[in-house]
Amino acid sequence: MSLNDHWMQRDLAVLWHPCTQMKDHEQLPLVPIRRGEGVWLEDFDGKRYIDAVSSWWVNVFGHSNPRINQRIKDQVDQLEHVILAGFSHAPVIELSERLVKLTPAGLDRVFYADNGSSCIEVALKMSFHYWLNVGQPAKKRFVTLSNSYHGETVAAMSVGDVALFTDTYKALLLDTLKVPSPDCFHRPEGMSWEAHSRAMFAHMEQCLAEHHREVAAVIVEPLIQGAGGMRMYHPIYLRLLREACDRYGVHLIHDEIAVGFGRTGTMFACEQAGIRPDFLCLSKALTGGYLPLAACLTTDTVYQAFYDDYSTLRAFLHSHSYTGNPLACAAALATLDIFEQDDVIEANKALAARMASATAHLAEHAHVAEVRQTGMALAVEMVQDKASKTTYPWQERRGLKVFQHALSRGALLRPLGSVVYFLPPYVISPEQIDFLAEVASEGIDIATRDAVSVAVPRGARTDFRDPG
Ligand SMILES: *Cc1c(COP(=O)(O)O)cnc(C)c1O
């Protein structure tokens with residue numbers, strides 16, 4: 001038995017994997033990873049894979065990065081963890097100072113959670129609680145965009161709209177207001193991203209005009225709807241939204257959990273719109289992809305609405321056991337050092353251009369509707385019919401074929417349904433980008449070549465897809 005098989009069998013005897021139909025592993029081998037270095041992951045049999053999805057979008061400076069490793073090693077000898085209520089420590093103070101400095105002016109307070117979903121819970125609760133504290137208890141609903149994703153906990157699912165993740169749990173969810181997304185995939189032929197996103201804003205304007213008295217906040221994934229299939233839109237939408245939120249007295253929550261830290265080409269996506277949200281949620285790349293940590297930044301106005309004598313009971317009494325963990329903060333500080341010292345945002349421009357040129361030919365593919373890109377995220381959407389952009393039935397799992405082909409070639413590409421995407425660590429080389437493009441092209445050829453026969457029951461849902 002190979003070492004991979006050995007570890008796979010032990011794994012499958014006791015683990016229940018995230019976002020997985022475990023029965024798939026009767027056919028689909030699990031890949032046990034022994035070590036990582038830079039963009040490479042290596043399995044127990046010594047086969048190597050380029051991590052083209054940054055291990056679920058978290059890794060930015062490669063696996064086992066010496067600079068981040070060292071910072072964590074130094075920290076673990078000093079202080080591994082301490083309660084953050086009534087106590088504090090240097091890494092969390094330094095990190096907060098740096099995040100306040102790095103993010104748009106006016107985001108002056110940092111509240112920590114320990115993963116993206118719980119960071120969204122913090123922002124939602126804080127916004128609702130703010131309105132309660134200032135005497136507007138009617139403001140308790142949230143406005144979200146169609147096809148959005150904000151995490152897996154119940155309130156986070158409530159403001160999400162990817163059927164695959166939320167449909168089953170509908171009965172548990174909050175009552176939210178959903179507005180059509182400014183996503184440019186279905187824009188009329190010949191229309192620019194800007195014109196389309198601007199036109200789509202009319203729906204948001206109408207929703208806010210009608211409901212603002214009962215709305216606490218609008219929550220968006222700025223520029224890229226990640227889990228919804230790497231769908232993209234123009235920054236003009238965010239500018240119009242900021243202006244409308246001000247006009248109607250509604251908070252704006254930016255979920256930059258996936259897009260923060262350079263993914264869209266600027267350090268934060270909101271910079272491209274020149275705006276400051278009321279809540280900025282960060283996680284994923286915050287620690288370079290090492291440890292779970294999330295930060296919810298907000299304004300002094302919000303902070304002051306909670307600041308009062310204890311007996312008024314206005315405090316935000318929310319906590320997570322590992323809030324502000326020193327090891328995670330140390331990893332985050334090392335990550336921010338690398339951004340600064342290596343001028344990463346500037347250096348990424350060449351890599352982004354290489355991603356574009358290496359995949360440009362795919363736009364001509366008979367089963368590719370679009371190759372789209374925002375900074376260091378690039379997506380290729382496979383379709384059954386190019387002219388009408390008709391998607392493949394989700395039951396055919398075309399993306400899975402790309403995944404399997406890529407694995408055999410030594411790349412970890414994990415499509416979202418029929419959307420093949422690259423979201424690589426920023427330490428990838430131009431040649432490695434070319435290799436990924438080659439593997440993706442082959443995979444797309446294979447995945448779209450033949451008719452796939454699957455039993456699709458009459459009346460089956462069409463809006464599901466494979467998870468990423
Ligand atoms: C991943 C993600 C989340 C959830 O973060 P977790 O750490 O997985 O809970 C929330 N919002 C967006 C946009 C994400 O991509």
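Modeller: A residue is near a molecule if its C-beta atom, placed from the backbone, lies within 6 Å of that molecule. The model discussed here is predicted.

Biologist: How many residues surround the ligand, and which helix gives the largest share of the shell?

Modeller: The ligand is surrounded by 15 residues, the closest being Asn-115, Gly-116, Ser-117, Gly-151 and Ala-258. By class, this shell holds five nonpolar, seven polar and three charged residues. Three residues, the largest share, come from residues 116–133, that is, from helix H5.

Biologist: Into which domains is the protein divided, and how many Å separate their centres?

Modeller: Domain 1 is made of two segments, 31–64 and 343–449, and domain 2 covers 68–341. Taken over C-alpha atoms, the distance between the two centres is 26 Å.

Biologist: Which element gives the most to the side of domain 1 that touches domain 2?

Modeller: The contact involves 26 residues of domain 1 and 26 residues of domain 2. On the domain 1 side, at least two residues each come from helix H2 (54–57), helix H12 (344–359), strand S13 (368–374), strand S14 (377–382) and strand S16 (419–422). By class, this side has 14 nonpolar, eight polar and four charged residues. The top contribution is four residues, from H12.

Biologist: How many residues are in the largest nonpolar core?

Modeller: Domain 1 and domain 2 each supply at least three residues to this core. Helix H11 (residues 326–341) gives the largest share, nine residues. Among the residues with the most contacts inside the core are Ala-123, Val-218 and Leu-413. The total for the core is 131 residues.

Biologist: Which residues does Ala-123 touch, leaving out those up to four places away in sequence?

Modeller: Ala-123 is one of the core residues with the most contacts, a group that also includes Cys-281 and Cys-296. With residues up to four places away in sequence left out, Ala-123 touches Ile-253, Phe-279, Cys-281 and Cys-296.

Biologist: Is Ala-285 buried or exposed?

Modeller: Ala-285 sits in the loop between strand S11 (279–282) and strand S12 (294–299). Apart from residues up to four places away in sequence, Ala-285 touches Val-58, Val-60, Gly-260 and Phe-261. The threshold for burial is 20 or more other C-beta atoms within 10 Å. Ala-285 has 26 C-beta neighbours inside 10 Å and therefore counts as buried.

Biologist: How many Å separate the C-alpha atoms of Ala-285 and Thr-335?

Modeller: Along the chain, Ala-285 and Thr-335 are 50 residues apart. In the model, their C-alpha atoms are separated by 8.4 Å.

Biologist: In what order do the four strands of the open sheet run?

Modeller: The edge strands, each pairing on one side only, are strand S1 (33–37) and strand S15 (411–412). S1 and S2 are antiparallel, joined by four bridges, and S2 pairs with S3 in the antiparallel sense over three bridges. The pairing in the sheet is mixed, and the order is S1-S2-S3-S15.

Biologist: Which residue of S2 is the bridge partner of Arg-35?

Modeller: S1 and S2 form a hairpin with two residues between them, and Gly-38 in the turn has a positive phi of about 60 degrees. On the S3 side, Arg-48 is the bridge partner of Glu-42. The S2 partner of Arg-35 is also Glu-42.

Biologist: How many of the residues of S14 are buried?

Modeller: S14 is joined to S13 by six antiparallel bridges and to S16 by four antiparallel bridges. Leu-378 of S14 is the bridge partner of Gln-373 and stands opposite Phe-422 in S16. Ala-377, Ala-379 and Glu-381 point one way, Leu-378, Val-380 and Met-382 the other, and all are buried. For S14, the count of buried residues is six of six.

How values were computed:
Residues numbered from 1 in each chain as written. Predicted model: local features only at pLDDT ≥ 70, side-chain atom pairs only at ≥ 80, totals over all residues. Domains from an automatic or database assignment. Contact = placed C-beta atoms within 7 Å. Nonpolar A, V, L, I, M, F, W, Y, C, P; charged D, E, K, R; others polar. Core = buried A, V, L, I, M, F, W, Y, C linked by C-beta atoms within 7 Å. Buried ≥ 20, exposed ≤ 12 C-beta atoms within 10 Å, placed from the backbone. Pairing = 2+ DSSP bridges.
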